[in-house]
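Here are my notes on this structure, written as numbered points. Keep the model open while you read.

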Amino acid sequence: MSSNQILIQNIKAWLEDNQKSHQWLAQEIGVSKAMIGHMLNESRVIQPQRIVDIANALGVSVKDLTSDASMKEERMTVELRGTLSNRRSKMELERLKFAIEDYIGLKGSRL
């Protein structure tokens, strides 16, 4: 997905979530409703100053407006297979859990 498509998707989602119309956005940034339609159907490129104006009108940051929301929610998943059939496998699992917790603790302390 291109950055312009991400921007448009975020604007449309915000308008829908907040029950605001294209007309409302047009009035907020001082353009015609037709211009908003052209920008949101990709027939017009949204200029950088318009992105700032739209972000201000929506009350969000430009970074939030231009970021892919699906990337924010991406979480790492670890899947383990097998059985804990003996003492050694249980010890290895405990060692892995300790290493993960240690990593998370170290990573968290840098923030």
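1. H2 and H3 are roughly perpendicular to each other, because their axes cross at roughly 110° and angles from 65 to 115 degrees count as roughly perpendicular. The two axes come within 8 Å. Please remember that this is a predicted model.

2. Which residues make the contact between H2 and H3? From H2 come His22, Gln23, Leu25, Ala26 and Ile29. From H3 come Lys33, Ile36, Gly37, Met39 and Leu40. Two packed helices are described by the angle between their axes and the distance between the axes. Look for both in the view.

3. Now step back to the whole chain. The protein chain has seven helices and zero strands. Read along the sequence, its pattern is α-α-α-α-α-α-α. There are 111 residues, and buried ones make up 23% of them. The chain exposes about 8800 Å², and carbon and sulfur atoms supply 51% of that area. Take the contacts between residues at least 6 apart in sequence: 47% of these join residues at least 24 apart.

4. Next, the core. The largest nonpolar core holds 21 residues. Which of them touch the most other members? They are Ile11, Leu25 and Ile54. Four helices each supply at least two residues of this core: H1 (3-17), H2 (22-29), H3 (33-40) and H4 (48-58).

5. Follow Ile54 for a moment. Set aside its neighbours within four places in sequence. Ile54 is then in contact with Ile11, Leu25, Ile29, Met39, Ile46 and Leu65. Two of these partners, Leu25 and Ile29, also take part in the contact of H2 with H3. Met39 takes part in that contact from the H3 side.

6. Back to H2, this time for burial. Its buried residues are Trp24, Leu25, Ala26 and Ile29. What covers them? The cover includes H1, H3 and H4. An α-helix has 3.6 residues a turn, so residues three or four places apart point the same way. Check Leu25 and Ile29, two of the buried residues, with that in mind.

7. At its start, a side-chain oxygen of Ser21 reaches to within 3.3 Å of the backbone nitrogen of Gln23. Just after H2, Gly30 takes a positive phi of about 75°.

8. Positive phi values also turn up in residues other than glycine. Gln19 has a phi near 50°. Its place is in the loop between H1 and H2. Is Gln19 buried or exposed? Gln19 is exposed, because its relative accessible area is 73% and exposed means over 50%.

9. Glu42 is another case, with a phi near 70°. Glu42 is found in the loop between H3 and H4. At 44% relative accessibility, Glu42 counts as partly exposed, because that class lies between 20% and 50%.

10. Finish at H7 (residues 87-110), where Ser89 is found. The side chain of Ser89 reaches the backbone nitrogen of Ser85 at 3.3 Å. Leaving aside its neighbours within four places in sequence, Ser89 is in contact with Thr83 and Leu84.

Key
Residues are numbered from 1 along each chain as its sequence is written. This is a predicted model: local features need pLDDT of at least 70, side-chain atom pairs count only at pLDDT 80 or more; totals for chains, interfaces and linings use all residues. Side-chain values use heavy atoms; hydrogens and water are left out. Buried means under 20% relative accessible area, exposed over 50%, partly exposed in between (1.4 Å probe, protein chains only). Contact means heavy atoms within 4.5 Å. Accessible areas come from the Shrake-Rupley method with a 1.4 Å probe; for residues, only the protein chains shown count as cover. A polar contact is a pair of N or O atoms within 3.5 Å; within protein, one must be able to donate a hydrogen and the other to accept it, and residues adjacent in sequence count only if both atoms are side-chain atoms. A nonpolar core is a set of buried Ala, Val, Leu, Ile, Met, Phe, Trp, Tyr and Cys residues joined through side-chain atoms within 4.5 Å. Axes are lines fitted to C-alpha atoms, for helices over the stretch in contact, and angles run from 0 to 180 degrees between N-to-C directions. Angles under 35 degrees count as roughly parallel, over 145 as roughly antiparallel, 65 to 115 as roughly perpendicular and the rest as oblique.
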